[in-house]
Amino acid sequence: MGLTQNIVFGLVTGSYIAIAAIGFTLIYGIVNMINFAYGEYITIGAFIGILAAGALPVPLPVAVLVAMIGGGVVSLALAKGFFTPINDTGPIPMLLTSIGLGLALRNVIRLLAGRNARYFETSTTTFRFEGLPALSVGPVDLLGNVFVTSEHLIVIGCAVVVFVVLHALLTRTDVGIAMRAMGDDESLARVRGINTQRIRDSVWVLAGVLAGLAGVLIAIQTNASASTGYAHILQILAAAILGGAGSPYGAIAGSYVIGIVLALSTAFLPSGMTELSSAVAFVILVGVLLVKPSGIAGQEVREA
Amino acid sequence: MSLASRLPSGDGDRALVAGVVLVAVGALFALTPLQTTLPGAFYVFIEVGTLFAIYGMLVIGLDLQYGHTGLVNFGHVVFFAAGAYTVAMLAAESPFAGIGLGLPWPAALLAAVIVAGVLGAAVGTTSIRLRDDFLAIATLATAEIFHSLFVAFQTIFGGNVGIGSIPQPVGDLVTDTDTAMTANILLLGGVMLVTLAAVTRLTSAPYGRVLRAIRADDLVTRSVGKSVFTYKMQAFVYGAALAGFAGGLFALYNGAIAPGYFTIQVTVTVWIGMLLGGAANHRAVLGGLAVIMGLRLLSRFALDVAPVSSSAFASIRLIVVGLILVAVIRYRPAGIWGDAKELGVDT
């Protein structure tokens with residue numbers, strides 16, 4: 001496979017990571033916590049989508065909508081039950097709570113759904129672009145044949161729609177502007193008459209909706225199992241931190257970097273070491289934290 | 001004068017006496033032909049008890065880092081794994097997979113402490129300056145990286161199979177299983193108590209006061225002329241080296257290691273034990289760990305009568321563990337025996 005093909009894979013991976021990373025980074029910026037249970041929100045979204053598409057057969061686009069609404073409701077309910085009551089305790093207790101909650105949720109899902117992976121029934125069309133000349137540099141083929149499936153296009157398309165809608169939301173609506181104000185300075189926002197708790201709730205709903213969408217997209221691309229979300233949480237985290245924690249635009253950029261690096265490392269690592277491709281994301285994460293912890297577009301996270 | 005009144009009064013000194021006595025009795029079983037026979041029902045208790053002694057060292061080290069100094073290390077298992085793999089690779093004799101150099105085990109154990117300490121120093125220099133929650137993420141990511149390295153490099157770390165045929169010093173001396181188990185739990189329990197004594201000595205000295213001052217407010221500590229970074233670094237490396245020591249002992253006790261022993265589960269277990277007991281209090285964290293590991297014991301018995309499969313049961317146990325963590329943070333942030341005022345949390 002050529003480099004171009006791997007970049008296509010990277011863009012697809014980057015797209016669903018980006019959708020999730022936006023939700024993750026909004027929670028970080030506005031609720032001021034690292035939500036380690038966010039991966040489980042994604043899993044829940046994926047399973048809601050599978051249930052909707054399988055048990056009460058609705059067409060896929062409707063199932064996606066159901067998963068998004070379900071994700072938003074679940075996220076708000078979990079926030080009300082677990083995170084809002086301890087909002088004032090600081091980032092560490094909230095991070096630890098989310099780790100505990102994530103562990104519990106993951107096992108609840110495993111208990112209910114079993115250990116088998118579920119798949120979406122989708123029909124795929126593959127578009128091939130053949131006859132591109134091979135442009136070899138050493139063992140690396142820079143062009144080569146490329147194929148794109150309709151699933152790839154759906155994932156990338158959804159991501160683009162999310163970016164546009166999110167940008168409109170953050171710049172054109174009262175709620176979005178209030179969110180950005182809170183991300184900047186919560187006390188000032190409150191002084192200006194913003195109901196901070198309501199904004200926090202809307203962030204939880206928005207993050208849940210995005211997690212639901214990301215979950216279904218991941219399930220369409222691969223499958224849905226109890227560990228689907230958990231397998232992606234560190235990549236999402238890496239993307240959000242790379243972009244600058246709290247910045248949705250940075251998170252989008254970070255996600256595509258992570259996605260493409262993952263795809264390339266899977267392709268070019270020697271066989272038998274493909275497990276290392278997940279380590280690559282963490283190496284990037286640690287590297288970013290060391291070199292430029294503020295990320296592509298963010299704030300300082302070092303204290304001394 | 002009764003015997004009781006002659007015992008030292010401090011916590012640390014008592015732990016030292018108890019630890020030395022346990023090691024001596026354990027050595028008696030290991031070195032002399034003295035034998036024990038255990039009732040079959042006891043096996044599971046001894047097994048979990050031995051694991052408790054090893055995890056106890058982990059939680060004491062973690063408590064030095066988080067409870068006393070306030071360093072949020074969420075990758076503690078990586079130092080445990082580093083120690084275990086060092087011992088395995090240096091001491092194992094021609095294992096099925098991975099490297100085994102067949103060196104004498106005391107040298108390997110010493111190397112384990114050094115390797116874990118050096119790894120701690122490397123992680124520390126790079127990440128200790130990060131804000132609390134990002135330090136947690138950086139350490140967690142380090143643990144995940146090493147876990148995937150252990151799985152990926154089959155020729156070096158043995159992949160998923162891990163490394164076997166590690167010498168078991170006690171098992172080699174004593175042929176009979178019951179006696180070996182008794183000697184193991186006594187020796188490891190004793191060693192754990194001796195470490196407890198050493199760390200208590202450290203934290204009750206003025207040195208420990210500086211650490212707790214850093215936890216409370218590192219700006220103030222720096223303003224009275226203490227090098228906050230140096231102290232944080234030392235606490236981090238001590239905790240890491242102790243975890244490496246525990247890992248080395250685990251490898252020597254178990255005789256084989258695999259990546260499955262070193263998952264994030266270990267980190268979560270010691271963290272919950274520490275928070276449940278009450279951070280910054282060595283006896284309390286051990287108590288908390290005992291409660292969590294007691295739950296594991298309880299669940300083994302409950303499994304026999306429960307009408308669910310063992311994998312479903314494992315899930316239920318983890319749900320309970322996760323919810324305990326959530327509940328402790330919400331309702332008793334200082335833990336069961338912790339001092340809420342000292343830790344600066346509201347109950």
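## The contact between the two chains

The contact takes 46 residues from chain A and 45 residues from chain B. The model is a predicted one. Between chain A and chain B an area of about 3800 Å² is buried, and carbon and sulfur atoms give 77% of this area. For polar contacts, the count between chain A and chain B is one residue pair, with both residues at pLDDT 80 or more.

On the side of chain A that touches chain B, four helices each supply at least two residues: α3 (60–83), α4, α9 (228–243) and α11 (276–291). Of these, α4(A) gives the most, with 15 residues.

## A nonpolar patch with residues from both chains

Helix α4 of chain A, which spans residues 91–113, also takes part in a nonpolar patch, as does α15 (310–331) of chain B; each supplies at least two residues. The patch lies on the surface and consists of Val108(A), Leu111(A), Leu112(A), Val308(B), Ile316(B) and Val320(B). Together these residues have about 470 Å² of accessible area. Here again α4(A) gives the most, with three residues.

Val308(B) is in a loop, the one between α14 (282–305) and α15 of chain B. Its relative accessible area is 37%, so Val308(B) is partly exposed.

Another residue in this part of chain B is Ala314(B), located in helix α15. Ala314(B) counts as partly exposed because its relative accessibility is 33%. In sequence Ala314(B) and Ser299(B) are 15 residues apart, and in space their C-alpha atoms are 8.6 Å apart.

## Chain A as a whole

Chain A has 304 residues, and 53% of them are buried. Its secondary structure comes to 11 helices and four strands. The accessible surface of chain A is about 12600 Å², with 66% of it belonging to carbon and sulfur atoms.

Among the contacts in chain A with a separation of 6 or more, 72% are between residues 24 or more positions apart.

## A salt bridge between distant parts of chain A

Over all chains, the rule gives a count of five salt bridges. One of them joins the side chains of Asp201(A) and Lys80(A), at 2.9 Å from N to O. This pair links distant parts of the chain: Asp201(A) is in helix α8 and Lys80(A) in helix α3, and the two are 121 residues apart.

The two partners can be described by their accessibility. Asp201(A) has a relative accessible area of 14%, so this residue is buried. Lys80(A), at 43% relative accessibility, counts as partly exposed.

Another salt bridge is formed by the side chains of Arg190(A) and Glu186(A), at 3.4 Å from N to O. Arg190(A) and Glu186(A) are separated by about one helical turn because they are four residues apart in helix α7 (residues 186–191) of chain A. Arg190(A) has a relative accessible area of 48% and is therefore partly exposed. Glu186(A), with a relative accessible area of 25%, is partly exposed as well.

The side chain of Glu186(A) also meets that of Arg200(A) in a salt bridge, at 2.5 Å from N to O. Arg200(A) is in helix α8 and Glu186(A) in helix α7 of chain A, so this pair ties together parts that are 14 residues apart in sequence. Arg200(A) is buried, because its relative accessible area is 9%. Through shared partners, the salt bridges join Glu186(A), Arg190(A) and Arg200(A) into one network.

## Thr196(A) and its contacts

Helix α8 of chain A covers residues 196–221, and Thr196(A) lies in this helix. With 9% relative accessibility, Thr196(A) counts as buried. Apart from neighbours within four places in sequence, Thr196(A) is in contact with Met182(A), Glu186(A) and Arg190(A). Two of these residues, Glu186(A) and Arg190(A), also belong to the salt-bridge network.

Definitions and conventions. Residues are numbered from 1 along each chain as its sequence is written. Chains are lettered from A and ligands numbered from 1 in the order in which they are written. This is a predicted model: local features need pLDDT of at least 70, side-chain atom pairs count only at pLDDT 80 or more; totals for chains, interfaces and linings use all residues. Side-chain values use heavy atoms; hydrogens and water are left out. Patches are made of residues with over 30% relative accessible area and no salt bridge: like charges are joined within 9 Å, nonpolar side chains (Val, Leu, Ile, Met, Phe, Trp, Tyr) within 5 Å. Accessible areas come from the Shrake-Rupley method with a 1.4 Å probe; for residues, only the protein chains shown count as cover. A salt bridge is a side-chain nitrogen of Lys or Arg within 4 Å of a carboxyl oxygen of Asp or Glu. Buried means under 20% relative accessible area, exposed over 50%, partly exposed in between (1.4 Å probe, protein chains only). Contact means heavy atoms within 4.5 Å. Buried area is the accessible area (1.4 Å probe) that two parts lose on being put together, summed over both. A polar contact is a pair of N or O atoms within 3.5 Å; within protein, one must be able to donate a hydrogen and the other to accept it, and residues adjacent in sequence count only if both atoms are side-chain atoms.
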